Structure formats: C-alpha cells, structure tokens
Amino acid sequence: MLKSEVITLNRVASILGIKYPFVQGAMSWLTDAKFVAAVSNAGGLGILGPNAGQHTVTASADETAKRMRDQVKQVQQLTDKPFAVTLIVAASDTSIFTQKILDVVIEEHVPAVLLNSLGGVNSATYGVDPEIMATLKKHGIKTVVRSLQPSIADAQAVEAQGADVYVATGFDEGGTMPGGEIGSFAIMPMIADAVKIPVLLAGGIADARTVNAAFALGAEGVYVGSRLIPTVENPAAENVKQLIVDSTAEDLRLFRTTPDYYRSLPTKLRDELVANDNKLPLLEAKQTNGKLMGGTSGMRIGMLDGDLEHGYVSVGTGISMVHSIQPVQTVVEEMMQDYKTSAE
C-alpha cells in the first residue's frame, strides 16, 4: 500500500496505516482469514483472533503456530492492507504459545498485533511482558493493547512501555467482561484524559451514533466485535447471526463466572449459568460456571457451531442497533459515515 493512500488527521489511522480508525475485535473463535481480510479491505484493521479459522482445540504450541501461520498467509493472499494477529500476554512469563505466535508474526512480517493482556487488575499486573513489547518495537510492529481489566494505572503503564494504542473496554462489551463494572461511555473519558497515546473505545459500539459518541468522549477510534458477527463474511453460525439480528439488549442476561462476568442471549446453557449465579455463593458460582463454560469452548459450541443447547452466545449491549445481516464493507462504511479524512 502506498503511503499516499492514507491521508488523515487521525492518529489511530495514521499509526496503523488504515483508512478508518476502526479496529475489529479478536473474538476468539469468530474470525478467519476471509473475515479479517474483508475488514481490512473495508478500511479497518482486521485481526486474527486466538483461534482464527479453527473448529478444534489443540494442546500443541507448534500446531497452534502452524495454524496461525496458515491463516496469516491466507489473509496476505486476500488483501494488501494492514491486519493484525492476537498475542495473549501477561505482565511477565508469557506462555510458550504466545512465543510461538510471536515468531510467526515476525517471520511473516505481520504489521500489527493486538496484545490481549490478562492483567490490569493491580500494580503487579499492569502493562504487558516487557520482553514481548521490546521485541515488537525492535521489529517495527505496531501494538494495540487491550487489557482484561482496563484502568487509569494500567493505561499509564502501557503508555510508559511504548504501546501505540490502548483500548478502553467498557462494561457494555460481549465476551469476557471487565470486573470494574464501568460503562463504556464512562470509562472512555476517564482513560483518554489519563494518557497521551490514542485510545479506542470497546463495548456497545454498533452504529454511526455510537461511533460519534465515542469520539465526542475522547476516543480516537473504535474497537468493534459484536456488530461484526452478523455479517456475511463472519464464520459464526447462520442461526446465531439471525438470533443477534432478532434480539435486543433486553434479551441478554448477565452471570458471574471466571474471572468476573459474562452475558449471553438465550440458550439452554445460558439459563443454567444464570440460575447458578442466582442460587450459589459468589465463589462457588464463578467456579461452577467456569467449568460448565469450558473456557471459550462454550463460545465455539454456541456461536461457531450454532448449538444453542450446549453453548452460549455472548455479545455486547449494542446488538439493539443491529437489524440485518450485511457485508462487512457495508457495516464499516455505515458506522464510519461521519468520519472524514483530510483527503476528503
């Protein structure tokens, strides 16, 4: 891509080399090369999630890396635009799985990474593994950091480490929710006012109105997951896409699990998880529900396979604004309709 193709006053778009300051969520099982390339071709930053393109779990770090390399190569065949790969990191002692994926990122010249940080809950877990960050910076790879527990102190620690972009995740998101219980439109100005690096807002962003609201509160871009599930290119099951279209935030139920909260649309498993939360003591409810969910396996079963009896459908509160299954290109353009580059 020629540098002249992206002329913008927006720091996120400039840093990442994209048309719109629109970053796709990692979404665990719900990405693959076709979907990620579609986001990047639409002007955003597509991201290969931890289980991109997969339907089975492997306990092998080498096999995990092999699978990701295959997805990366497929994306490169489908787009010449920037995209990213997810690295799951901690404040220190990052796993062998992450190290293997990092090798793929470097060897395949992936331009950006999403550092999905497991930390942020206290001073011992603020920021990301310094060796990982140093390696990425050495190779000129752009970094977007999204912490499991976003906070002022964590954002400042990430900024001090040299990250390019920070994601402020509000309680309106789908998937693994933060324990801080701060809504998206409350956390956004709080984080933006505390750091100098650009901040993306995640959680409840689903149309042009919410994009504009995020910008009004200090965001320099948006991080979008749930809105992109009911799209033509997303690998989610068709019955799940239609369920999202036919539902609103009123259909979601919140329940406690490991590490903090999840929410889901109606499924048989969802109802069991909510019942456990209502009847069991907090710690027991979290442990019991964590086992029943099987980590992210419940998401794979429910959202990728479309099994609404044995899985769950975790999405954010922004689904109320989703009214049809559309191509990725249409969704991105509709959401970013009020964003203008300096070239326009």
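Is Arg270 buried or exposed?

Analyst: Let's begin with the ground rules. This is a predicted model, where local features need pLDDT of at least 70 and side-chain atom pairs count only at pLDDT 80 or more, while totals for chains, interfaces and linings use all residues. Residues are numbered from 1 along each chain as its sequence is written, and side-chain values use heavy atoms, leaving out hydrogens and water.

Now to your residue: Arg270 is buried, with a relative accessible area of 6%. Buried means under 20% relative accessible area, exposed means over 50%, and partly exposed is in between (1.4 Å probe, protein chains only). Arg270 has a salt-bridge partner, Asp271, and their closest N and O atoms are 2.9 Å apart. A salt bridge here is a side-chain nitrogen of Lys or Arg within 4 Å of a carboxyl oxygen of Asp or Glu. Asp271 is partly exposed, at 44%.

Helices (H or I, at least four residues) and strands (E, at least two) are DSSP runs, numbered from the N terminus. Arg11 is partly exposed, at 36% relative accessibility.

Another salt bridge brings Lys100 and Asp62 together, at 3.0 Å from N to O. Lys100 belongs to helix H4 (residues 96-107) and Asp62 to helix H3 (residues 61-78), 38 residues apart. Lys100 counts as partly exposed, at 26%.
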